[in-house]
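Here are my notes on the model you sent over. Have it open while you read, and go through the points in order.

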Amino acid sequence: MKETTTIRAELEQYIRREGITISKFGENTGINAGTISAIINGNRPIAMLLLDRIAAGMGLEEGSLYELYIDEFIRNTAPNWRRVRPFLHRCAELNKLDCIKQVVEFMMDYLIYAPALFETAEELFGKGKYEAAAIIYKNVSESEKYQHSERLALCQYRLFTIAIGDDQDETLWAATHFESFVDRLGEADQLDALRDLANTYASLRRWDKVEWLAEKMCQKAKVQYEQKYGNTRRSERGKEPKSPLFMYIVYSYVLRAGVCDERGDYQKALEYVSLYSDLSWVKEDTEEARRLKALCSNWAEANGYLYQLMSGSLDVIPQYVDYLEKNEGEILAGLHKIMVAANRYDFNVDHVLQRFEKQIEALADQHAKLGTYTEQMSADLYARFLAEMACYDLNKDRYTKGMKFLLESLSYSVMLNGNPVTIKCVGLFEKYRHTASSEDKEEYKNLLGEVEYIHDKKDRFFSARI
């Protein structure tokens with residue numbers, strides 16, 4: 001198909017080449033013969049629905065006429081939103097991202113269409129068409145980068161959400177880039193953005209950031225809570241956040257308790273637990289609010305056991321183990337903490353490992369392949385669990401078993417783009433090198449080479465970003 005051709009010319013040539021009448025082509029495609037004639041004669045623009053039917057009638061792949069459509073009916077005519085919007089949606093359905101890019105860049109020459117393009121991006125985002133939506137968000141952001149508008153901040157929020165993935169370097173860059181836009185969002189969106197940012201930094205183990213964002217979220221949520229339910233209640237409220245307001249206050253306590261846990265301040269962590277174990281102050285009484293209050297009660301029970309365990313209380317293990325058996329989704333996180341405590345305080349937890357033997361075997365199968373960001377986070381936790389298991393067995397002179405866990409943990413570190421557990425694994429191996437077989441030493445050498453390559457790539461990545 002030549003670049004200078006048109007859809008009209010292609011259609012007319014097809015009808016002549018196939019030796020069929022306009023009426024027959026109309027029967028084949030379900031298009032009125034008069035409409036086809038008007039299109040060929042240049043007396044009628046082609047609607048999106050007709051374009052797809054024409055392509056199908058000509059035996060062409062879906063979307064094969066879209067580049068011609070852009071030249072003929074978008075770039076070379078006055079902008080027509082009624083034509084552009086369905087075209088963008090259809091391109092998104094077919095993953096014709098280059099076509100979306102061409103159309104959006106053309107439409108952004110007319111800034112009056114920025115709001116409509118943003119709404120279209122929101123529609124695509126809602127449908128899970130993230131790559132298509134990202135193209136529009138980026139272009140709208142570029143057009144408004146000097147205006148400090150809420151729409152610019154929303155574009156950056158969506159781009160941050162889309163960018164979160166299995167590459168921790170890209171995720172970190174996306175989070176740090178988005179931070180400066182949070183305060184430009186509306187009140188409701190600020191709470192969701194702060195929560196999402198805090199969760200992201202927690203997955204990256206940036207605990208100072210998590211603490212700062214959690215405190216900020218708590219302050220803003222308390223102000224909004226007072227405005228909604230207190231004496232200074234507003235007569236009208238705008239957009240509401242995704243969750244009931246009390247959850248942002250409670251979740252800030254959960255996050256800050258987690259930060260205290262990482263810092264080894266378990267008494268302070270337990271103080272935060274007490275703040276969300278009693279929710280008698282909560283005004284919301286919807287079905288969703290009651291469900292979330294029950295969830296918070298569950299968190300308080302689990303974390304109460306956990307922080308007592310991490311403080312060195314061996315007596316709480318039976319209760320915590322009983323809790324884990326009733327909450328399978330918490331088993332990996334719980335076992336990891338039990339192993340950390342066992343290594344720190346020299347507990348013997350063989351009975352716990354025997355009790356969860358089948359579940360531990362299932363964890364290995366579950367993390368055999370890495371895919372989504374959530375799977376990556378779970379795999380990161382699993383790598384740390386394996387490192388603790390290695391430390392536990394090596395300290396008990398179970399060298400073969402310990403080395404197996406150590407090398408598995410180091411292998412996951414490589415798959416996870418060289419996460420911090422690498423340092424622990426290297427330290428352990430060097431400490432117990434004399435117990436390693438020649439095969440273990442060779443595997444360790446190969447894995448270490450991959451880790452060094454990853455860290456060199458990280459340095460180049462951030463240098464390029466700067």
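1. Tyrosine 157 is buried, at a relative accessible area of 2%; buried here means under 20% relative accessible area, exposed means over 50%, and partly exposed is anything in between (1.4 Å probe, protein chains only). Phenylalanine 178 counts as buried too, at 1% relative accessibility. The ring centres of tyrosine 157 and phenylalanine 178 are 5.3 Å apart with the planes at 10°, so this is a stacked pair. For the cut-offs, rings of Phe, Tyr and Trp (its six-membered ring) pair if their centres lie within 6.5 Å, and planes under 30 degrees apart are stacked, over 60 edge-to-face, and the rest tilted. Tyrosine 157 sits in helix α10 and phenylalanine 178 in helix α11 (residues 168–179), so the pair ties together parts that are 21 residues apart in sequence. Helices are DSSP runs (H or I, at least four residues), numbered from the N terminus.

2. A word on the ground rules. This is a predicted model, in which local features need pLDDT of at least 70 and side-chain atom pairs count only at pLDDT 80 or more, while totals for chains, interfaces and linings use all residues. Residues are numbered from 1 along each chain as its sequence is written, and side-chain values use heavy atoms, with hydrogens and water left out.

3. On to the other aromatics. The structure holds 22 aromatic pairs. One of them is phenylalanine 125 with tyrosine 137, an edge-to-face pair at 6.3 Å centre to centre and 70° between the planes. Phenylalanine 125 belongs to helix α8 and tyrosine 137 to helix α9 (residues 130–143), so this pair links parts twelve residues apart in sequence. Phenylalanine 125 is buried at a relative accessible area of 18%, and tyrosine 137 is buried at 0%.

4. How do α8 and α10 sit against each other? The axes of α8 (residues 114–126) and α10 (residues 150–163) come within 12 Å and cross at roughly 30°, so the two are roughly parallel. Axes are lines fitted to C-alpha atoms, for helices over the stretch in contact, with angles from 0 to 180 degrees between N-to-C directions. Angles under 35 degrees are called roughly parallel, over 145 roughly antiparallel, 65 to 115 roughly perpendicular, and the rest oblique.

5. Which residues make that contact? From α8 there are Pro115, Phe118, Glu122 and Phe125, and from α10 there are Arg151, Leu154, Cys155, Arg158, Thr161 and Ile162. Contact means heavy atoms within 4.5 Å. The residues of this contact split into six nonpolar, one polar and three charged. In that scheme Ala, Val, Leu, Ile, Met, Phe, Trp, Tyr, Cys and Pro are nonpolar, Asp, Glu, Lys and Arg are charged, and the others, Gly among them, are polar.

6. Seven of its ten residues are buried, so α5 is largely enclosed by the rest of the structure. The buried ones are Tyr66, Leu68, Tyr69, Ile70, Glu72, Phe73 and Ile74. Their cover includes α1 (7–18), α4 (48–57), α6 and α7.

7. Leaving aside neighbours within four places in sequence, alanine 257 is in contact with Ala269, Tyr272 and Tyr307. Valine 250 is also in α14, and its relative accessible area is 0%, so it is buried. Not counting residues up to four places away in sequence, valine 250 touches Tyr276, Leu279, Trp281 and Cys296. Valine 250 and valine 273 are 23 residues apart in sequence and 9.5 Å apart in space, C-alpha to C-alpha.

8. Last, some backbone angles to check. Asparagine 95 is not a glycine, yet it has a positive phi of about 60°. Asparagine 95 is in the loop between α6 (81–93) and α7 (97–107), and is partly exposed at 46% relative accessibility. Aspartate 346 also has a positive phi of about 60° without being a glycine. Aspartate 346 lies in the loop between α18 (331–345) and α19 (350–355), and is exposed, with a relative accessible area of 62%.
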